[in-house]
Amino acid sequence: MTEKNVQFKVFRYKQGDTAPHYDTFTVTVNERTTVLDALEAIRRDQDGTLTFRHSCHHASCGTCGMRVNGKEVLACVTNVMELGTPEVVVEPLQNAPIISDLVVDMGGFYETFSQAHLPLIRESEYLPESDVAEGVPFHMRLESCLECGLCLSACPVVGTDPEYLGPATLAAVWRVVQEPRGEDPEALLAWVDSEQGCWRCHAAMECTEVCPSNVDPGGAIMALRGELTRRKIGHLLGQG
Amino acid sequence: MLDTTRFNTRRRQRRPGAWLHLKGRHVGAWAFALNRLAGLGLVLYLILHLFVLSLLAKGPRAWDDFVALAKSPLILPLDVILLAGILYHGLNGVRIALIGVGIGVRQHKTMFWTLMVIVAVLLAVGTWGFITV
Amino acid sequence: MNTKQSGTWAGTLWLLQALSGLLLILLLGSHMIVNHYVVERGLRTYQDVVNYLSHPWVVAWEILFLVVVTFHAALGVRSILLDLGPGKGGRRIINWGITLLGLFAVLYGVWLTFQIK
């Protein structure tokens, strides 16, 4: 196993500080070390005051979202050596208030997102040729969105307008439109058909780029627009 | 920077210049930022153009003097920049119009690069036209 | 349900911006070709302009171009300003300001056209 010493330049901020600063730590890593592993090592061996979130350690929960070398990632699956830089910069997600160090306040996001009423499960589009187990009509799986906030951090519009519903919420609405599961897609379509809804997007597509879970929020937003446009034209032609 | 005097958990960080923060961002974000910058440049040109056209109301002398200036070789690079802005904004605009109603979203990056090749070709043709006319 | 500014204006304006942009490919394209490649040495003299504008269809086409380009530019600038997160009062100022500037530009352009004799 190869080992290397890597510098981690970590964003630090505690309530009451007049400004944030960066602390540099050296961690010995091997080919399997992830950024989350390194942060845990720092907290355990070097600075017990370093604050960060984590949970599942395998890209299912979305808790460890942060920026590594300027890009939004899940720290638990970001391999340090594969980054290829002698110094790794670790910073919190953008566009959300900072609670402490790498921990941001996701409350505002949850408040908006919960209004999409996205069900937890969905029909699975995977394994179409596989045999379904006896007694099971078709495959189901969990919805893709981890609510990790990477898309919100990467989106230039979320950065410029706090009232924008944002890619995660809009993607959730599209999922409900596609597969309502007892929710009301019409009310949700009316909700996103607004200046703070799907029309606010400027097609930077950064959300889709950074999403670790194949939600493709950019595609979902454009699909919402396509649907609303079709209805508008139908309405126009229907009346003409 | 961060507001450290009043910590309001419901307020997101306001970053009005976020669309210009392109470090670590990908093709789509760059395309959007450049589209806006080109658009702003074209708006300034439009205003300038309307002012220049007011010379027409001042009669043949004023206008023909301006035309002589506009044919100066110093103006050529500005014309090329203008044409580049027009071509970029126009062709990327077509891409935005398409993906903006859900057409070709998954191929948006290929679309971008293809259009950039077309921009380069048309820009070359246009510049040759400026020089030889 | 938290409905902020619901209603279809946002979508309609976006579609009009996209459509006006596509229309401008035709209008601006023809404008540039007709004004630079059809004339000797690429720029019209005063007399060339007078001759050009003597055809009513030409005047109509150029005014159409002016209206569409001003519309597209106004909406574009408005979009950039809205991204500054102005709030309700700010949005009203922006909408009025942009509309007035756009109207002024069109009226000025039309007036100017009829000054050229």
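Q: How many residues does the contact take from chain A and from chain B?
A: This is a predicted model, in which local features need pLDDT of at least 70, side-chain atom pairs count only at pLDDT 80 or more, and totals for chains, interfaces and linings use all residues. Residues are numbered from 1 along each chain as its sequence is written, while chains are lettered from A and ligands numbered from 1 in the order in which they are written. Two residues are in contact if their C-beta atoms, placed from the backbone, lie within 7 Å. The contact takes 32 residues from chain A and 30 residues from chain B.

Q: Which helix of chain A gives the most to the side that touches chain B?
A: Helices (H or I, at least four residues) and strands (E, at least two) are DSSP runs, numbered from the N terminus. Helix 3 (107-113), helix 5, helix 8 and helix 9 (217-239) of chain A each supply at least two residues of that side. With seven residues, the one that gives the most is helix 9 of chain A.

Q: How many residues on the side of chain A that touches chain B are nonpolar, polar and charged?
A: Ala, Val, Leu, Ile, Met, Phe, Trp, Tyr, Cys and Pro count as nonpolar, Asp, Glu, Lys and Arg as charged, and the others, Gly among them, as polar. By these classes, the side of chain A that touches chain B has 12 nonpolar, 14 polar and six charged residues.

Q: Which elements do the buried residues of helix 1 of chain B pack against?
A: A residue is buried if 20 or more other C-beta atoms lie within 10 Å of its own, exposed if 12 or fewer, and partly exposed in between, with C-beta atoms placed from the backbone. In helix 1 (residues 27-53) of chain B, the buried residues include F32(B), N35(B) and L42(B). The buried residues of this helix pack against helix 3 (76-99) and helix 4 (108-132) of chain B, helix 3 (56-82) of chain C, and helix 5 (156-160) and helix 8 (206-210) of chain A.

Q: Which strands of chain A stand at the edges of the sheet?
A: Two strands pair if DSSP finds at least two bridges between them. Five strands of chain A form an open sheet with mixed pairing, in the order 2-1-5-3-4. Each edge strand has a single partner strand, so one side of each is left without a neighbour in the sheet; these are strand 2 (21-30) and strand 4 (71-74) of chain A.

Q: What is the bridge partner of V10(A) in strand 2 of chain A?
A: Strand 1 (residues 3-12) and strand 2 of chain A pair in the antiparallel sense over 10 bridges. In strand 2 of chain A, the partner of V10(A) is D23(A).

Q: Is N5(A) buried or exposed?
A: N5(A) lies in strand 1 of chain A. Leaving aside its neighbours within four places in sequence, N5(A) is in contact with T26(A) and T28(A). With 9 other C-beta atoms within 10 Å, N5(A) is exposed.

Q: Which element of chain B has the highest mean pLDDT?
A: pLDDT is the predictor's confidence in each residue, from 0 to 100. Chain B has a mean of 88, and 90% of its residues reach 70 or more. Among its elements, helix 2 (residues 60-70) of chain B has the lowest mean (87), and the highest (96) belongs to helix 3 of chain B.

Conventions:
The expected span of a helix is 1.5 Å times one less than its number of residues.
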